[in-house]
Amino acid sequence: MVHYTSAEAAARIISGREVWLRNALLMNDFSEIQHGLECLYAGWRSEGGERFKAWLDRALPDLRFELERSFDADTEGLRVATFMMSLSEHDDSEDEFGRLSMWRAYGGRCGVALVLNPTIFTAETDELKVYSAPVRYLGVPEFASWFSDWTAKLIANEARLCAAPPDTLLFLLKYAFRVFALCTKHPGFSEEREWRIFHSPILDGTSSWLRKDNEIINGVPQEVVKIALEDNAEKGVHGIDPKALVNRLIIGPTAHPLPVYHSLHNLLVGAGIDDPQRRLFVSNIPLRD
């Protein structure tokens, strides 16, 4: 996984041993959650959605009403009180130079790609109250078609689903709908190969890894959620400490590669990360402003 960001933000992550989740309303495209909701609503009203509702009414009485009621109640929280961080899938072939399209979109005048080991993103733990999911790149009609296929798979597994406690099944369906809303993007963004890290305080509660704070970012005062990068073996949280999390740093197109290299090297040493020179790369891509 890789996070394309500014050198300033990368330095802050390493020195502060924390990452910041920003309010979804302040993302590059503030309409992204709205797009996901529109896709979900279209799927719910589609032929596949009608089959899904009929199946719920037949196999799991009362669950449909509770699902609709609770998701409608949660929608405003998703819109205005969800905090996110964006990552991308990273190929070995990108280890030296990164991805040019991402430098252009997110590198700015001095960008850094933080390449991260994926252990924490695939962990099955609820301790952090922070969740991750890959983005699905679909327009509204394409999502409705995909939703129909998803419904068919659920119905085909009716016996297994109906064997679960109703509260568990409701939780899982609500979570699936939440991921559909938060992690569906216009297909024009597909080259980003994005994963989203998200937390909704109203829905998720909090944990000892999280704290809210106020920061000024690019001149905009805003509330952020900060995640402490600390492992805790007793609670089964592994791979979030910088020593385990950071795979490499790629310094993107910049007029000042050597000062950035030396500063990041010192920060890696201060964070206790072994062989920092082996983890630092300068892309040297001649990208114009």
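**Helix packing and aromatic pairs in a predicted model**

Ile-33, Gln-34, Leu-37, Leu-40, Tyr-41 and Trp-44 of helix H2 are in contact with Leu-67, Glu-68, Phe-71, Thr-75, Leu-78 and Arg-79 of helix H4. The residues of this H2–H4 contact comprise eight nonpolar, two polar and two charged ones. The model is predicted.

**Packing of H2 with H4**

- Helix H2 spans residues 32-45 and helix H4 spans residues 63-80; their axes come within 11 Å and cross at roughly 165 degrees.
- Because an angle over 145 degrees counts as roughly antiparallel, H2 is roughly antiparallel to H4.
- The crossing in which H2 passes H4 is left-handed.

**Packing of H6 with H8**

- The axes of H6 and H8 lie 14 Å apart, and the two helices pack at an angle of about 160 degrees.
- That angle makes H6 roughly antiparallel to H8.
- H6 and H8 cross in a right-handed sense.
- On the H6 side the contact involves Phe-143, Trp-146, Phe-147, Trp-150 and Leu-154, and on the H8 side Leu-173, Ala-176, Phe-177 and Phe-180.
- The residues of the H6–H8 contact are nine nonpolar, with no polar and no charged residues.

**Aromatic pairs**

- A pair of aromatic rings is described by the distance between the centres and the angle between the planes.
- The count of aromatic pairs comes to 22.
- Phe-147 and Trp-150 have ring centres 5.3 Å apart and planes at 40 degrees, so this pair is tilted.
- Both Phe-147 and Trp-150 belong to helix H6 (residues 140-156), where they are three residues apart, about one turn of the helix.
- Phe-147 and Trp-150 are each buried.
- Trp-150 also pairs with Phe-177: the ring centres are 6.2 Å apart and the planes stand at 55 degrees, so this pair, too, is tilted.
- Since Trp-150 lies in H6 and Phe-177 in helix H8 (residues 166-182), the pair ties together parts that are 27 residues apart in sequence.
- Trp-150 and Phe-177 are both buried.

**Aromatic cluster**

- One aromatic cluster is formed by Trp-44, Phe-52, Trp-55, Phe-71, Phe-143, Trp-146, Phe-147, Trp-150, Phe-177 and Phe-180.
- Among the members of this cluster, Trp-44 and Phe-71 also take part in the contact of H2 with H4.
- Phe-143, Trp-146, Phe-147, Trp-150, Phe-177 and Phe-180 are likewise cluster members, and these residues also take part in the contact of H6 with H8.

Terms used. Residues numbered from 1 in each chain as written. Predicted model: local features only at pLDDT ≥ 70, side-chain atom pairs only at ≥ 80, totals over all residues. Heavy atoms only, no water. Axes fitted to C-alpha atoms, helices over the stretch in contact; angles between N-to-C directions. Helix = DSSP H or I, 4+ residues; strand = E, 2+ residues; numbered from the N terminus. Parallel < 35°, antiparallel > 145°, perpendicular 65-115°, else oblique. Left-handed = near helix turned anticlockwise from the far one by under 90°. Contact = heavy atoms within 4.5 Å. Nonpolar A, V, L, I, M, F, W, Y, C, P; charged D, E, K, R; others polar. Phe/Tyr/Trp six-rings, centres within 6.5 Å; stacked < 30°, edge-to-face > 60°. Buried < 20%, exposed > 50% of the residue type's maximum accessible area, 1.4 Å probe, protein only.
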